Amino acid sequence: MTAYLLKRLIIAALTLVLASIVVFAVMEILPGDPARLMLGLNASADQVEVLRNQMGLNAPLIPRYLHWAGGLLSLDFGRSYTYSVPVIDLVRERIAVSLPLALIALALSTIIAIPVGVFSASRQGRAGDTLAMGAAQLGVAVPNFWFALILIYVFAVWLRLVPAGGFPGWSAGIWPALKSLILPAVALALPQAAILGRVARSALIEVLNEDYIRTARAKGLPYRAVLWRHALRNAMIPVLTILGLQFAFLLAGTIIIENVFYLPGLGRLIFQAITQRDLIVVESIVMLLVAAVILINLIVDFSYAIVDPRLRGRQ
Amino acid sequence: MTMRVDLPEETIAGVLAKAFGNRSFLIGLIITSAVVAVALLSFLWTPYDVTRLVIADRTQAPSPAHWFGTDHFGRDILSMIMVGARNSIAVALVAVGIGMGIGVPLGAFAAARGGMADEALMRVNDLVFAFPALLSAVMITAIFGPGAVNAIIAIGIFNIPVFARVARAGALAIWPREFILAARAAGKGMTRISIEHILPNIATLLLVQGTIQFALGILAEAGLSYVGLGAQPPMPSWGRMLFDAQTRMVTAPWMAIFPGMAIVITVLGLNLLGDGIADILDPKSRRRR
């Protein structure tokens, strides 16, 4: 197992390094001089030159990359051009919105999808299954931001149960903050739950046809026990794979959903930074999200080994 | 997710008979054809001109004159949805084309060569997968500015590793087969075998993946247009219509409801079509039903 995990770890590290080179290269291509941007149009060429030197923009490419990448490792992303504060402070503030949102959505999606998948698989071909999978088929087709608009209309405008948007901040108390994250989380979660439910169902059906399931039944185990204990565990690999992909998708999905609900998260920050040409903020957020995706994939790889003992023997 | 690629000896008539007995396939085909027909029709005729702004008619509720109502500029929503269909289909189709055109040769090559080439390709795949589609779209837009073409590029790039993976997995399953061995014995080269023998055998897999990516492309395009990174006004696009509708949800909910339903119906149709094709061509999934 150690060899397997080590290989995944090396691949993850390699991907991260390559990703950082891509992001750095992309930001190099971008037009616009950050120093000129910070000083405004009235600054003289000399002033701009001095600031460029201060910011290290005149250094050769490779040392500049190494300096930037080294900073990332110690969570020093540099200073925002427009806000003149360390990027990490901006990010820390915003991540307190985006991360809980993605986590709540992921939890919701899993809580809905797994029981639905189990229900459908155990009633394969019957009315309940057809109904659930019909709903899932519909759920996959719904764009989450449109679903969000409908939710706002029903629950915020019409029933007035939750706010239509905005975020009071965690300092306003856990409940008011959570309340403003409920609709965005549901909007993100339902389409994902539809996908996950379908995967869980087909993975379970595949497993339920295996010989060892028949053996478990033959030795007198009740159907429910076989379903939840033997079948579900063996169906977890495809479910985990999708779950990992979904978390990445949810993190990115928050970019759009935060715009629907006017939530001050990473997604809003990245859009503001793009319009203000605050490139260092853009590249920091992109790197952060990419690192999160790579980390999640690594966790998924590791959890395969926990769920599937056969993988532990392999390299 | 097993990948069965071997087609049993079946006649075309047999496959057709099965296709029309498959509910998913039929419904999917009808919906998809209808959407394409509407998009094509919009070139010849729409109820109203989508470029003309009639301020006197602005934000009117659905009526016999305007079935789906009008927007804040007095444009007919139905006409805009019809023209928007063009944009959605074009963006998603070209993005699938980019993904297939680059991804399939790469995947087939990796499967044929194996070893270092294969390993390198899979690592690059990992790299692209590390950038969520939306994020790369945001980055691409930051460089080149927003627009339909850049949306296509962003979605297309994300499609490349998807098709590379499917093509590679499919091809790997075909390579050990006897008829490939026979072809090699006959002196055919790697490229020729890939084109003449591997490709036809993984075509159905690619077709199924193509419909899925097409549907995802429509969703992605709508998302990008919604945040202003896709098609630019005055070109009507479904995502942009939803953006315009957002601040008017209370006074003009029809502005949001109909474009959203257009997206849902189109994506639903494509997904059903994809499911149907997979069902018809994969004996294993049929047994499950």
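Analyst: Start with one term. A residue is buried if 20 or more other C-beta atoms lie within 10 Å of its own. By that count, buried residues make up 39% of the 315 residues in chain A. Keep in mind that this is a predicted model.

Now the helix itself. Helix α1 of chain A covers residues 2-29. It has 28 residues, so at 1.5 Å a residue it should span 40 Å. Its end C-alpha atoms are 41 Å apart, which agrees.

Which residues of α1(A) are buried? They are A:Thr15, A:Leu16, A:Ala19, A:Ser20 and A:Val23. An α-helix has 3.6 residues a turn, so residues three or four places apart point the same way.

What covers these buried residues? The cover includes two helices of chain A, α4 (61-73) and α13 (279-307). It also includes a helix of the other chain, α4 (115-129) of chain B. That leads to the contact between the chains.

Here 39 residues of chain A are in contact with 33 residues of chain B. On the chain A side, α1 is among the helices that each supply at least two residues. The others are α6 (127-141), α7 (144-158), α11 (236-261), α12 (266-275) and α13. Of these, α11(A) gives the most, with 9 residues. By class, the side of chain A that touches chain B has 35 nonpolar, 4 polar and no charged residues.

Step back to the whole of chain A. It has 14 helices and 0 strands. Its C-alpha trace spans about 85 × 55 × 30 Å along the principal axes. Take the contacts between residues at least 6 apart in sequence: 71% of them join residues at least 24 apart.

Chain B can be described in the same terms. It has 11 helices and 0 strands. Its C-alpha trace spans about 75 × 50 × 35 Å along the principal axes. Of its 289 residues, 48% count as buried.

The largest nonpolar core has 176 residues. Those with the most contacts inside it are A:Ala148, A:Leu204, A:Val239, A:Ile285 and B:Leu242. Look at A:Ala148. Leaving aside its neighbours within four places in sequence, A:Ala148 is in contact with A:Leu183, A:Pro184, A:Ala187, A:Ile257, A:Val260 and A:Phe261.

Most residues other than glycine have a negative phi. A:Leu75 has a positive phi of about 60° although it is not a glycine. A:Leu75 lies in the loop between α4 and α5 of chain A. A:Leu75 is partly exposed, with 13 other C-beta atoms within 10 Å. A:Ser84 lies in the loop between α4 and α5 of chain A, and has a positive phi of about 55°. With 8 C-beta neighbours inside 10 Å, A:Ser84 counts as exposed.

Finally, confidence. Chain A averages a pLDDT of 85, and 95% of the residues score at least 70. Among the elements of chain A, helix α5 (residues 87-122) has the highest mean pLDDT, 92. Helix α14 (residues 309-313) has the lowest, 62. Where pLDDT is low, the predicted coordinates should not be read in detail.

Technical notes:
Residues numbered from 1 in each chain as written. Chains lettered and ligands numbered in written order. Predicted model: local features only at pLDDT ≥ 70, side-chain atom pairs only at ≥ 80, totals over all residues. Helix = DSSP H or I, 4+ residues; strand = E, 2+ residues; numbered from the N terminus. Expected span 1.5 Å × (residues − 1). Buried ≥ 20, exposed ≤ 12 C-beta atoms within 10 Å, placed from the backbone. Contact = placed C-beta atoms within 7 Å. Nonpolar A, V, L, I, M, F, W, Y, C, P; charged D, E, K, R; others polar. pLDDT = per-residue confidence, 0-100. Core = buried A, V, L, I, M, F, W, Y, C linked by C-beta atoms within 7 Å.
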